[in-house]
Amino acid sequence: MPTPLRVAMVGHAFMGAAHSQAWRTAPRFFDLPLSPEMAVVVGRDAERTTAAADRLGWAESATDWREVITRDDVDLVDVCTPGDTHAQIAIAALEAGKHVLCEKPLANSVAEAQDMAAAAARAAERGVFAMVGFTYRRVPAIALARQLVQQGRIGQVRHVRAAYLQDWIADPQAPMSWRLEGERAGSGALGDIGAHVVDLTQHITGETITGVSAVLETFVKERPLPASTGSLGGVGGEGTGTVTVDDAALFLARFSGGGLATFEATRFALGRKNAIRIEVNGSAGSLAFDFEDMNVLHFFDGADPDETAGFRRIVVTEPGHPYVGAWWPAGHGLGYEHGFTHQVVDLVHALAEGTQPTPSFAEGLAVQRVLDTVSRSATQNSAWTPIEGAH
Ligand code: SOE
């Protein structure tokens, strides 16, 4: 029997459910060097947390994360709370000697993210590791895109076109939630979904964003308060609440290899539910991906003869494709949840080997710097603003 990895998860809403299925499923489909045990789930409300433990498969429930993270029978703390508590939980857990998996974006500010990255660096010296949950890196088509770039199949990156499009608050009557409160979420579309495309484009290209020129917009500034606030809290009651985050973020960017980029993150693209669209044009080829067709990667090879050249539609479900061999026969396809399962698989392997899992908190901090620079540029009439430390 492999050594157990006893997990405590804080938060049990959408992300908590996604992470729970990953902890449950990963050891059933992949050979793991450690055996994850779903020890305890933590939430603010005892009754709701007990129900969540039953539903999601956790052995115990608790309401005090401070007490849980110091328990001897916990090896890893999985942080699935809104951004305003990431720093305090993650830092305390690392200091208590627990590995940490923390949802994205890493924090609500660069200052918090710096503290988290510093705590992670100190912990790593003691063999205790931290990882941030940019789960889309583990979509097989995205992993394949990165491999093709690394193999030189698209040459030098010239253009990156990235959009993350949702529509769940396009209706002005859609109620307030913690995701629309700056205090809780840090930012709106920018940090919630823009963070993913910032991370993904840097991950696929292997380059960093060096500067941006941005606009942010909040289209609907007042929204009805929800009757109930759900397990993650937030404002509730009668009347309306003020939206204190951006609804949409657009920016131009430069990449470290000289390429130019456009980014768009919005929750107002009616009809687009979870469209993560990334196109990369290089000197030797192009790649295109859309999460709404997530098992497919489009690849144009500039070396193909003109008569037959064209974008190839690669169905990324062959056993030789990243992660796919552990699942179903070719063509049967994977879904949103598999990225979370692959995240657990990679994390467990890194921990068993005593190596740094990726993305590290340092990488989470780098994304946070881009988000912060986008916000600053937007408040300065879209002034071109370099990313600190990026080159
Ligand atoms: C909500 O916009 C959300 O759940 C994000 O928070 C996630 O990170 C993204 O994967 C899907 O959309």
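What follows is a short chat about a predicted model, starting with a helix pair and moving on to the sheets.

Visitor: How do helix 5 and helix 10 run relative to each other?
Guide: Helix 5 covers residues 110-125 and helix 10 covers 361-379, and their axes sit 9 Å apart at an angle of about 170 degrees. Anything over 145 degrees counts as roughly antiparallel. So the pair is roughly antiparallel.

Visitor: How many nonpolar, polar and charged residues are in the contact of helix 5 with helix 10?
Guide: From helix 5 come Val110, Ala113, Gln114, Met116, Ala117 and Ala120, and they meet Phe361, Ala362, Leu365, Gln368, Arg369 and Asp372 in helix 10. Sorted by class, that contact has two charged, two polar and eight nonpolar residues.

Visitor: What span should helix 5 have, and how far apart are its end C-alpha atoms?
Guide: Helix 5 has 16 residues, and at 1.5 Å a residue it should span 22 Å. That agrees with the model, where the end C-alpha atoms are 23 Å apart.

Visitor: Which elements cover the buried residues of helix 5?
Guide: The buried residues in helix 5 are Val110, Ala113, Met116, Ala117, Ala119, Ala120 and Ala123. Their cover includes helix 4 (86-95), strand 5 (99-103), strand 6 (130-133) and helix 10.

Visitor: In the open sheet of six strands, which strands stand at the edges?
Guide: Read the order, 3-2-1-4-5-6, with parallel pairing. The two edge strands each have a single partner strand, so one side of each is left without a neighbour in the sheet. Those are strand 3 (60-62) and strand 6.

Visitor: What is the bridge partner of Val40 in strand 3?
Guide: Strand 2 (residues 34-42) pairs with strand 3 in the parallel sense, over three bridges. In strand 3, the partner of Val40 is Glu60.

Visitor: Which strands does helix 10 touch when it packs on the sheet?
Guide: Helix 4 also packs on this sheet, touching strand 1 (3-10), strand 4 (76-79), strand 5 and strand 6. Helix 10 has a direction about 45 degrees from that of strand 6. The strands helix 10 touches are strand 5 and strand 6.

Visitor: Which residue in strand 12 does Phe251 stand opposite?
Guide: Strand 11 (residues 248-255) runs antiparallel to strand 8 (residues 209-217) over eight bridges, and Phe251 is the bridge partner of Ala214. Strand 11 is also joined to strand 12 (residues 260-266) by seven antiparallel bridges. There, Phe251 stands opposite Phe263.

Methods. Residues numbered from 1 in each chain as written. Predicted model: local features only at pLDDT ≥ 70, side-chain atom pairs only at ≥ 80, totals over all residues. Heavy atoms only, no water. Axes fitted to C-alpha atoms, helices over the stretch in contact; angles between N-to-C directions. Helix = DSSP H or I, 4+ residues; strand = E, 2+ residues; numbered from the N terminus. Parallel < 35°, antiparallel > 145°, perpendicular 65-115°, else oblique. Contact = heavy atoms within 4.5 Å. Nonpolar A, V, L, I, M, F, W, Y, C, P; charged D, E, K, R; others polar. Expected span 1.5 Å × (residues − 1). Buried < 20%, exposed > 50% of the residue type's maximum accessible area, 1.4 Å probe, protein only. Pairing = 2+ DSSP bridges.
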